Amino acid sequence: MRTEALTARDAARAAAILRQGGLVGIPTETVYGLGANGLDPDAVGRIFAAKGRPQDNPLILHIPSADWLERYCEDIPPSAYALAERFWPGPLTMILKRRPVVPDAVTAGLDTVGMRCPAHPVCRAILEAADIPVAAPSGNTSGRPSPTTAGHMWEDMEGKIDAIVDGGPCTVGVESTIVDLTCTPPRLLRPGGITLEQLEEALGEVAVDPAVTRPMGAGEKPRAPGMKYRHYAPRAPVTVVAGDPAGSARYILDNAAPEDGIICFDEFASLFPGHYVERLGPSGDKGEQARHIFDALRAFDDTPVKAIWAQCPEAAGMGLAVANRLNKAAGFHIVQAE
Ligand code: TXA
Ligand code: MG
């Protein structure tokens with residue numbers, strides 16, 4: 001299959017391919033997605049094939065506005081509209097009870113569905129032109145870091161999908177926050193572009209699913225099926241070093257072999273001459289760290305490094321999402337700097 005390279009001006013073309021059952025790489029403000037017609041089980045099936053995604057991992061639906069919620073969901077609590085009012089369009093996915101019209105291929109047979117209304121203008125133009133809900137997981141091959149540029153999507157998907165729309169680098173850089181509104185209190189299933197603190201401000205108490213901060217044991221089932229899989233992982237094993245930035249930098253300096261790769265905050269990059277170094281951003285700027293985390297993890301796959309050491313922000317604000325992606329990339333192999 002030849003993959004078409006599309007630009008921001010080609011929203012109508014991208015929408016036409018989606019309506020015909022094709023697969024399109026679409027920019028969103030979080031990460032690039034691999035879109036298909038969310039009402040067409042065959043098209044949705046091709047997403048799983050292109051990504052090598054396990055069949056039991058459900059997809060989320062992208063819609064142009066909260067007005068569309070009623071079409072695909074029922075028993076929608078007022079909190080859903082309150083969140084939509086505050087955070088949509090934007091990096092928030094809500095888990096709601098689904099209507100039968102949503103194919104099992106999307107929900108992996110669950111009685112709930114994830115709904116997201118993205119903010120990226122090119123994505124919005126595509127959704128409006130297509131006039132269908134677009135099922136879209138992150139556009140990476142399963143297990144690899146999510147794509148935050150069209151180039152990353154080409155690396156993983158060239159020849160496997162119909163088109164990729166280049167909408168520039170993603171401005172959030174980590175996936176949407178997922179909140180389950182079918183339980184009380186609402187539950188954070190995946191930290192992302194909207195912080196836990198923002199959710200709490202809007203909702204009051206919010207439970208945090210254990211899969212956010214620790215690996216699932218045998219027999220444990222996270223509520224977001226995707227959280228159980230090894231994820232975001234570069235080919236080389238990653239060790240996350242927790243602790244204050246000066247301490248974690250010192251720990252890495254003391255323990256990294258000369259040929260090891262380093263992911264560090266900008267201030268510490270000069271400590272590691274001779275290493276492959278990927279900068280996350282300034283230690284005080286978690287938004288910048290979120291924009292760089294997947295790029296940094298991906299970059300090591302083009303190097304010979306056999307092990308990667310990573311500094312990690314504290315888990316407040318956007319730091320919870322950055323730390324979650326790093327910890328998952330490391331298989332929760334975390335050491336604490338003194
Ligand atoms: O920012 C994003 O959300 C990106 C962009 C493309 O929109 N999409 C994305 O999709 O990250 P994906 O498929 O890579 O991650 C969705 C996660 C998976 O972990 C999946 O298991 C979970 O959402 N999920 C989907 N439907 C669910 C449901 N009904 N209940 C619980 N978890 C669900
Ligand atoms: Mg994903």
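These exercises look at backbone geometry in a predicted model.

**Exercise 1. Cis peptide bond at Pro89**

Task: Find what form the peptide bond from Trp88 to Pro89 takes, then place Pro89 in the fold.

Solution: 
- Step 1. Read omega for the bond from Trp88 to Pro89. The value is near -10°, and the bond is cis.
- Step 2. Locate Pro89. This residue sits in the loop between helix H4 (78-87) and strand S6 (92-98).

**Exercise 2. Positive phi at Asp75**

Solution: 
- Step 1. Phi of Asp75 is near 50°. That is positive, and the residue is not a glycine.
- Step 2. Asp75 lies in the loop between strand S5 (73-74) and H4.
- Step 3. The relative accessible area of Asp75 is 61%. Exposed means over 50%, so Asp75 is exposed.

**Exercise 3. Positive phi at Phe332**

Task: Work through phi, location and accessibility for Phe332: does it count as buried or exposed?

Solution: 
- Step 1. Phe332 is not a glycine, yet its phi is positive, at about 60°.
- Step 2. Phe332 is in the loop between helix H11 (319-329) and strand S17 (334-336).
- Step 3. Relative accessibility of Phe332 is 17%. Buried means under 20%, so Phe332 counts as buried.

Definitions and conventions: Residues numbered from 1 in each chain as written. Chains lettered and ligands numbered in written order. Predicted model: local features only at pLDDT ≥ 70, side-chain atom pairs only at ≥ 80, totals over all residues. Heavy atoms only, no water. Helix = DSSP H or I, 4+ residues; strand = E, 2+ residues; numbered from the N terminus. Buried < 20%, exposed > 50% of the residue type's maximum accessible area, 1.4 Å probe, protein only.
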